[in-house]
Amino acid sequence: MKEIGVDEAKIQSVMEWIEKAAALMAEQDWAGDQKVKEELEECQRALWEITGNGNLRVEEFQRYWSYTSLETMARKALMAPPAKEELTDEQIKEAVCNILSLTEAEIDWQLQYLKLNTGLDNLSDYIFYPALVDLSPQAALSDIADRIIADRKQSE
């Protein structure tokens, strides 16, 4: 199972570029103003270079402040995208049982990782809204993990 991590030395720089891009999109006509488009492209190139993630898009940072912090966005940007792996039932159980001990950025990454590796599109429902998947709202994470494993096997 891949380790979640970020290069702490890059966080401040990524935060500055994200903030610049978000401000441009919030305060300017970024769709119609060529100068603003060029500045956003500069932000885009800088973020690609720093993060090494060519799939990252500055548009993802538009109005980030309405749902998360700048540091969380920077951490997410620095995390490598989740990869498809062959996970054992025990690895899935461990990931689910430890998910709430992670930071917000790590939880988001772990949810994407589990979704990709279990094939369950509604994976976050299991953890945050267990009643939506016919589990008790007070279900223990170990019980939720068992259900994810069972549903994964059923969908294969």
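1. A helix here is a DSSP run of H or I of at least four residues, and helices are numbered from the N terminus. The model is predicted, so please read every value below as a property of the model.

2. Overall make-up. The protein chain has seven helices and zero strands. Read from the N terminus, the order of elements is α-α-α-α-α-α-α. The C-alpha trace spans about 55 × 25 × 25 Å along its principal axes.

3. W17 and its partners. What does W17 touch, once residues up to four places away in sequence are set aside? The list is E42, C43, A46, L47 and I50. Take E42 from that list: 25 residues separate it from W17 along the chain, and the two C-alpha atoms are 9.1 Å apart. Helix α2 covers residues 34-51, and α1 covers 11-27.

4. Helix α3 against helix α5. Helix α3 takes in residues 70-78, and helix α5 takes in 104-118. Their axes come within 8 Å and cross at roughly 40 degrees. α3 is therefore oblique to α5. The crossing is right-handed. On the α3 side the contact uses T72, R75 and K76; on the α5 side it uses E104, A105 and D108.

5. A salt bridge at R75. R75 also pairs with E8: their side chains form a salt bridge, with 2.9 Å from N to O. What does this pair tie together? E8 sits in the segment before α1 and R75 sits in helix α3, so the bridge links parts that are 67 residues apart in sequence. The count of salt bridges comes to eight. The cut-off behind that count is a side-chain nitrogen of Lys or Arg within 4 Å of a carboxyl oxygen of Asp or Glu.

6. Helix α4 against helix α5. Helix α4 runs over residues 89-98. How do α4 and α5 run relative to each other, roughly parallel or roughly antiparallel? The packing angle is about 155 degrees, and the axes are 11 Å apart. Angles over 145 degrees count as roughly antiparallel, and α4 and α5 are therefore roughly antiparallel to each other. Here the crossing is left-handed. I92, A95 and V96 of α4 meet Q110, L114 and T118 of α5.

7. Helix α4 against helix α7. The axes of α4 and α7 come within 9 Å, and they cross at roughly 140 degrees. That angle makes α4 oblique to α7. The crossing of α4 and α7 is right-handed. From α4, the residues in contact are D89, I92, K93, V96 and C97. From α7, they are L141, S142, I144, A145, D146, I148, I149, R152 and K153. I92 and V96 are named in the contact with α7, and they are also named in the contact with α5.

8. Which residues make the nonpolar surface patch? They are L100, F128, Y129 and L132, and the patch has an area of about 440 Å². Y129 is placed in the loop between α6, residues 123-128, and α7, residues 141-155.

9. Two backbone points to check by eye. D134 is in that loop too, between α6 and α7. D134 is not a glycine, yet its phi is positive, at about 60 degrees. Where is R63? R63 lies in the loop between α2 and α3. Its phi is near 60 degrees, again a positive value in a residue other than glycine.

Key
Residues are numbered from 1 along each chain as its sequence is written. This is a predicted model: local features need pLDDT of at least 70, side-chain atom pairs count only at pLDDT 80 or more; totals for chains, interfaces and linings use all residues. Side-chain values use heavy atoms; hydrogens and water are left out. Patches are made of residues with over 30% relative accessible area and no salt bridge: like charges are joined within 9 Å, nonpolar side chains (Val, Leu, Ile, Met, Phe, Trp, Tyr) within 5 Å. Accessible areas come from the Shrake-Rupley method with a 1.4 Å probe; for residues, only the protein chains shown count as cover. Axes are lines fitted to C-alpha atoms, for helices over the stretch in contact, and angles run from 0 to 180 degrees between N-to-C directions. Angles under 35 degrees count as roughly parallel, over 145 as roughly antiparallel, 65 to 115 as roughly perpendicular and the rest as oblique. A crossing is left-handed if the near helix is turned anticlockwise from the far one by less than a right angle, and right-handed if clockwise. Contact means heavy atoms within 4.5 Å.
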